[in-house]
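This briefing begins with the chain as a whole and then turns to two of its residues. Please keep the sequence and the structure in view while reading.

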Amino acid sequence: MTKSALIGLFAMLLLPFSAGAQAAQASGLTEDTGVIQELDLAARTLVIDGMRYDIAVDMSVEIGGSYGAFTMLQPGMRVYFEYRRESPTVRRISLLRELPGDVDLEEV
């Protein structure tokens, strides 16, 4: 694959994130990336990079570019997510997307 084809593919992967970023900022959401360390299905919580997040009942999950479910998430997954801080101790995720392994978490 040529260098220009790789750049085009990378740009296509990031396009949904830039559009999502604009929508997130307009709605008071915060966006971040990280690695899932723990998940508790019963309590509906995730730990991403040492921070605990609650899961919104209607959270949108994308795994491998397709619709997914909270129950399909696993520790070690690299993710982009949007959340709202509801109190000093409660952060609730409304959108979570698995990131491809070649995407640098610092660059998203």
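Two residues are in contact when heavy atoms of theirs lie within 4.5 Å. On that basis, in this predicted model, residues 24 or more positions apart account for 56% of the contacts in the chain that have a separation of 6 or more.

**The chain as a whole**
- The chain holds one helix and six strands, and from the N terminus on these elements follow the order α-β-β-β-β-β-β.
- The chain has 108 residues, of which 32% count as buried.

**R97**
- R97 belongs to strand β6, which spans residues 91-98, and its side chain is joined to that of E62 by a polar contact of 3.4 Å.
- R97 counts as buried because its relative accessible area is 12%, which falls under the 20% cut-off.

**M72**
- M72 is placed in the loop that runs between β4 (66-67) and β5 (78-85).
- With a relative accessible area of 42%, M72 is partly exposed, because this value lies between the limits of 20% and 50%.
- When residues up to four places away in sequence are not counted, M72 touches I63 and M77.
- The C-alpha atom of M72 is separated by 9.1 Å from that of V61, a residue eleven residues apart from M72 along the chain.

Methods: Residues numbered from 1 in each chain as written. Predicted model: local features only at pLDDT ≥ 70, side-chain atom pairs only at ≥ 80, totals over all residues. Heavy atoms only, no water. Helix = DSSP H or I, 4+ residues; strand = E, 2+ residues; numbered from the N terminus. Buried < 20%, exposed > 50% of the residue type's maximum accessible area, 1.4 Å probe, protein only. Polar contact = N/O pair within 3.5 Å; in protein donor to acceptor, adjacent residues only side chain to side chain.
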